[in-house]
Amino acid sequence: MHADIVVLPGDGIGPEIVAATLPVLEAVASRFGHRFSFAEHDIGGIAIDRHGEPLPAETLEAARKADAVLLGAVGGPKWSDPSAKVRPEQGLLAIRKALGLFANLRPVRPHPAALGASPIKSELLQGVDIMVVRELTGGIYFGDKTRTDTEATDLCRYSVVEIERVVRSAAALARGRRGHLTSVDKANVLETSRLWRDVATRVMREEFPDVTLEHQLVDSMAMHLLSRPRAYDVIVTENMFGDILTDEASMLAGSLGLLASASLGAGRVGIYEPIHGSAPDIAGKGIANPYATILSAAMLLRHSLRLEAEAAAVEAAVSSALDAKVFTADLAAAGQGVDTRSAAQAVVERLA
Ligand code: IPM
Ligand code: MN
């Protein structure tokens, strides 16, 4: 097949990890007989520098027309002045919203060879296979904000429709997995969470009676995620809780540099990006872990291009590289680790 992929490297380590991932997609194209075209555009801090705004119209236009979007990361100290009028992160939020990508899939599957990199005991990690579905276009991220000299507010708002559609996405995934859905909220305090719980309960009863539903409060979920991670199959939660819980969950896998994501909506186009940020502390050094971006590219193949065998081949190649202990610094013993390009090269070789 032929696919048009928009590439948004962004800031910090974004350009490095994206540059390491494109050869992996090229290797998939040549092995399976596809043709992928890549068109690079600006988003985030670099877009502020070049165009004065974090999401230029031409970037959004290109993304709308593409089959899929591969994104690196946005943000950095250069654009983090609290008094700045625009921030790189606004570009990321705006493109997710504009493309209607309400469901953010974040798989957490610790790899046997990387268990040593996790601060959690290995016996708790064996067999862990969680899919977190984070609501991505609503909640406190998108509510009205106010600021005076003496106070500030952020409004958290959710509609029934916003909750229904993300619960349906998560439940459909659970149906194809182990048939268990955990909905996470703070219904003992927040009205939006009480609505969330009511809607989730009704959708599951009416439409997914074959999938078991469990509710968890987000604070105790933060604990259970580390103390009994094997108990979870699919977790669905609102925007900010999902952001926080998945950085926590990355420690089950051993590194933030291993967690991929797919942001999906009603159509086929999706954004595929690692869950980590732009890591300004290591930007430009060529040592960032490219696996999260490569695994995001695998999700791109699966969800936007419907190339399941190709997606599985990329995942198997990463898995085999990890088996061979091709570790970047975040996974390796102190003072060791291969560079970004060598790790990506190990994946390309295994795909050839
Ligand atoms: C993520 C990031 C973003 C978010 C930031 C960069 C806006 O942390 O994708 O998890 O909070 O969604
Ligand atoms: Mn995050």
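Contact here means heavy atoms within 4.5 Å. This is a predicted model, in which local features need pLDDT of at least 70, side-chain atom pairs count only at pLDDT 80 or more, and totals for chains, interfaces and linings use all residues. Residues are numbered from 1 along each chain as its sequence is written, and side-chain values use heavy atoms, without hydrogens and water.

**View 1. Domain 1 meets domain 2.** Domain 1 covers 1-101 + 269-352, and domain 2 covers 119-253. These bounds come from an automatic or database domain assignment. Their C-alpha centres lie 25 Å apart. In contact are 5 residues of domain 1 and 7 residues of domain 2.

**View 2. The interface from the side of domain 1.** The two domains bury about 720 Å² between them, 69% of it on carbon and sulfur atoms. Buried area is the accessible area (1.4 Å probe) lost on putting two parts together, summed over both. In domain 1, Leu93, Lys97 and Ile275 lose the most area to domain 2, together 57% of what that side buries. The touching residues of domain 1 divide into 3 nonpolar, no polar and 2 charged. Nonpolar means Ala, Val, Leu, Ile, Met, Phe, Trp, Tyr, Cys and Pro; charged means Asp, Glu, Lys and Arg; the others, Gly among them, are polar.

**View 3. Loop residue Ala279.** Ala279 is found between β12 (271-272) and α10 (291-303). Helices (H or I, at least four residues) and strands (E, at least two) are DSSP runs, numbered from the N terminus. Phi of Ala279 is near 40°, a positive value in a residue other than glycine.

**View 4. Loop residue Arg306.** Arg306 lies in the loop between α10 and α11 (308-323). Its phi is near 55°, positive in a non-glycine residue.

Definitions and conventions: Chains are lettered from A and ligands numbered from 1 in the order in which they are written.
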